[in-house]
Amino acid sequence: MKRIRLPFAPGINVDFADRELALRRVEEWANKGTYPVQVVYGPEGCGKTAWLRQSVELLRELGFDVIYINPTESGARVELSVVDLRERLLALVREATEQGTWGRVAWAIIDIARSAIDARVRKLAIIVDDVFQTIGLDKAALYVKGLLGILEHPPAEYERVITIVATSEGVSLREVGRHNWAEFKPIWNMPREGFKQLYDQIPGGKPPFEDMWQVTGGNPRTLLRLYKNNWNMENTVKELIREKDITPQFTAKWRTWLEKAVEDPDTLWNPDAPEELINELIRMNLILHNLHDRDPWFWVDQPPPEKDLELGIGKYVAWQTPLHREAVRKALESLKADGPSP
């Protein structure tokens, strides 16, 4: 399989690294089709998009027509053998790029996929990456149901159809999970060996690999953050605090629980842990809650360790990356420096 080149930073492209288990999972889906819709979720910046873009290449080699969109990055790949449907969708993509109408593209995919099957496309893959924010989290379940309808009530016979939706939005999982329209498959940050392959491709002077592993936990976007900030940890943490809106009011309100959670995230699995705080941390994309059993069958790629407190990983709850945990820790320290709780 041809390995794609991916932009890492301005002027730096890298080869797709690792994710062998995740690509084997795609091959499995290609051989059997998917039912119901596969919803793949994991930490922000864990490499879902890179894996999905590489999966497009794999599926093309396996004879699939492929529709792929990523509204958050204004990205699309339309490999449809039905020319008029391909041109119709590409026109919508061009319009979305110019006018920001990606929600329209996302909904149009359902109709175009049905039309492709009706036109006797036998093997079709529909891959929708980080779409829920674009269409609205309240419509996430309805969108998944629309994709499921392609599998359950196709306009014509087909050989295999694959439907994959990827998300970092923990809130959307609860919305979709209320129904039986999807199967949830978590994906974690890159495993150590694969992350080393990515790290080695970054040119110039850089901190030792072990330091980067302890800070990022294998998260490519966190590595990119540090690279863009000239490997300055303090500035990167401040950036994340602002981005996640970790305010003094938030940290003061939940100080006791947050102080425990930065030491052991499974504190938030305690029956006494405030549901409001858990929901806020999920909404802010700071933690993953209710982690699956570490049996690889449940995961798209290599699961995280059973527990690794140095990386902020508990048995049931994990910080998205060590840097996310560090941002909360620094916010708590700033609160202490400003004086005692009111």
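R19 is found in the loop between β2 and α1; helices (H or I, at least four residues) and strands (E, at least two) are DSSP runs, numbered from the N terminus. R19 has a positive phi of about 60° although it is not a glycine. With a relative accessible area of 1%, R19 is buried. Buried stands for under 20% relative accessible area, exposed for over 50%, and partly exposed for what lies in between (1.4 Å probe, protein chains only).

The model is predicted: local features need pLDDT of at least 70 and side-chain atom pairs count only at pLDDT 80 or more, while totals for chains, interfaces and linings use all residues. Residues are numbered from 1 along each chain as its sequence is written, and side-chain values use heavy atoms, with hydrogens and water left out.

**Other backbone features**

N230 also has a positive phi, of about 55°, and is not a glycine. This residue lies in the loop between α10 and α11 (233-243). N230 counts as exposed, at 65% relative accessibility. The peptide bond from Y35 to P36 is cis, with omega near -5°. P36 belongs to the loop between α1 (20-32) and β3 (37-41). Most residues other than glycine have a negative phi, and most peptide bonds are trans.

**Salt bridges**

A salt bridge is a side-chain nitrogen of Lys or Arg within 4 Å of a carboxyl oxygen of Asp or Glu. By this rule the count comes to 26 salt bridges.

| Pair | N to O distance |
|---|---|
| R5 and D15 | 3.1 Å |
| E95 and R104 | 2.5 Å |
| E159 and R160 | 3.3 Å |

In the salt bridge between R5 and D15, R5 lies in strand β1 and D15 in strand β2, so the pair ties together parts that are ten residues apart in sequence. R5 is partly exposed at 48% relative accessibility, and D15 is partly exposed at 35%.

For the second pair, E95 counts as partly exposed at 25% relative accessibility, and R104 is partly exposed with a relative accessible area of 48%.

**Pockets**

Pockets are found on a 1 Å grid over the protein atoms alone: a pocket is an open set of points where a 1.4 Å probe fits, with protein on both sides within 12 Å along at least five of seven lines, and lining residues have an atom within 4 Å of a point. Grid points are joined across faces, edges and corners, and a volume is the space filled by probe spheres set on the points.

The largest pocket holds about 570 Å³ of space. Its lining has 23 residues, and those closest to the centre are P7, G47, T49, A50 and P220. The elements that give two or more residues to this lining are β1 (5-9), β2 (12-15), α2 (48-61) and α10 (220-228). The largest share, four residues, comes from α2. By class, the lining of the largest pocket has twelve nonpolar, four polar and seven charged residues. Here Ala, Val, Leu, Ile, Met, Phe, Trp, Tyr, Cys and Pro count as nonpolar, Asp, Glu, Lys and Arg as charged, and the others, Gly among them, as polar.

The second largest pocket contains about 410 Å³ of space. It is lined by 18 residues, and Y41, G170, L173, H289 and N290 lie nearest its centre. Two or more residues of this lining come from each of α7 (170-177) and β9 (287-289). The lining of the second largest pocket divides into eight nonpolar, eight polar and two charged residues.

**Nonpolar cores**

A nonpolar core is a set of buried Ala, Val, Leu, Ile, Met, Phe, Trp, Tyr and Cys residues joined through side-chain atoms within 4.5 Å. The largest nonpolar core has 76 residues, of which F8, W51, L59 and I246 touch the most other members. Leaving aside neighbours within four places in sequence, I246 is in contact (heavy atoms within 4.5 Å) with I241, T251, M284, L286, A327, V328 and A331. Another core, of 45 residues, lies apart from the largest one, and F132, I135, L147 and V176 are among its members.
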